[in-house]
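Hello,

Here is the structure I said I would pass on. My notes on it follow below the model.

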Amino acid sequence: IYIGAFSVLLILFLSKNLVVNPVSHGLQPIRNNGISKLVTEINKKDPGNWVVFGQFTFSNFLMASGLNVLSGVKYAPMFDKLKILDPFSRSDSIYNRYAHTSYYSMVTPNDSIGFHLIQSDHYAVSIDPCSPELKKLGIKYMFFTYRPNPVEVRTLIPVHEDGVFIYKNNL
């Protein structure tokens with residue numbers, strides 16, 4: 001009798017969970033966020049690849065919004081893309097792993113690209129946002145988590161400059 005009563009109570013208690021999809025319900029704060037709506041609308045009008053300059057956590061936020069993002073968590077190295085940034089594989093010991101990836105602006109006369117190990121599962125790429133290498137990667141949108149200096153966006157087209165700063169590559 002105790003097992004039967006316990007089973008009935010357990011079924012009643014758990015029955016509410018059958019009508020809730022925890023994944024779709026749990027993503028509402030992301031989907032209803034103003035930034036998510038903004039980037040989704042931009043990408044819907046003119047789809048393209050993205051990269052985030054600054055705080056790398058925004059990369060994962062954009063990925064959760066359904067965008068194709070170069071920066072962020074990479075479970076496996078994207079060797080085809082990294083070969084464009086590092087054609088002689090000089091830094092493969094840095095990026096040949098699961099990693100959080102950050103991109104930071106580095107404007108130099110010779111358009112250098114640097115790879116820097118932050119910690120064992122986090123590396124940073126320093127690159128000019130106007131670099132032709134980003135064009136080769138098919139990056140259409142640059143998302144800055146800070147207000148970029150004019151020299152950083154000298155060849156980019158402003159798309160949104162309020163709170164977050166989104167620029168379009170002149171492909």
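Gly 34, Lys 44 and Lys 45 are exposed on the other side of helix H4, away from the buried residues Ser 36, Val 39, Ile 42 and Asn 43. Please keep in mind that this is a predicted model. Viewed along the axis of H4, the buried residues sit within an arc of 135°, so they line one face of the helix. H4 itself covers residues 34–45, which makes 12 residues. From its first C-alpha to its last, H4 reaches 17 Å, close to the 16 Å expected at 1.5 Å a residue.

Next, the surface. Phe 6, Leu 10, Phe 13 and Leu 14 make a nonpolar surface patch of about 440 Å². One of these residues, Leu 10, is in helix H1, which runs over residues 2–15. The relative accessible area of Leu 10 is 38%, so Leu 10 counts as partly exposed, the class between the 20% limit for buried and the 50% limit for exposed.

Last, a strand residue. His 100 belongs to strand E3, residues 99–105. Is His 100 buried or exposed? His 100 is buried, because its relative accessible area is 18% and the class takes in values under 20%. Leaving aside residues up to four places away in sequence, His 100 touches Phe 56, Gly 72 and Val 73, as well as Asp 121, His 122 and Tyr 123.

Regards

Key. Residues numbered from 1 in each chain as written. Predicted model: local features only at pLDDT ≥ 70, side-chain atom pairs only at ≥ 80, totals over all residues. Heavy atoms only, no water. Helix = DSSP H or I, 4+ residues; strand = E, 2+ residues; numbered from the N terminus. Buried < 20%, exposed > 50% of the residue type's maximum accessible area, 1.4 Å probe, protein only. Contact = heavy atoms within 4.5 Å. Expected span 1.5 Å × (residues − 1). Arc of directions from axis to C-beta. Patch = residues over 30% accessible without salt bridge, like charges linked within 9 Å, V, L, I, M, F, W, Y side chains within 5 Å. Areas by Shrake-Rupley, 256 points an atom, 1.4 Å probe, with all protein chains shown as cover. Salt bridge = Lys/Arg side-chain N within 4 Å of Asp/Glu carboxyl O.
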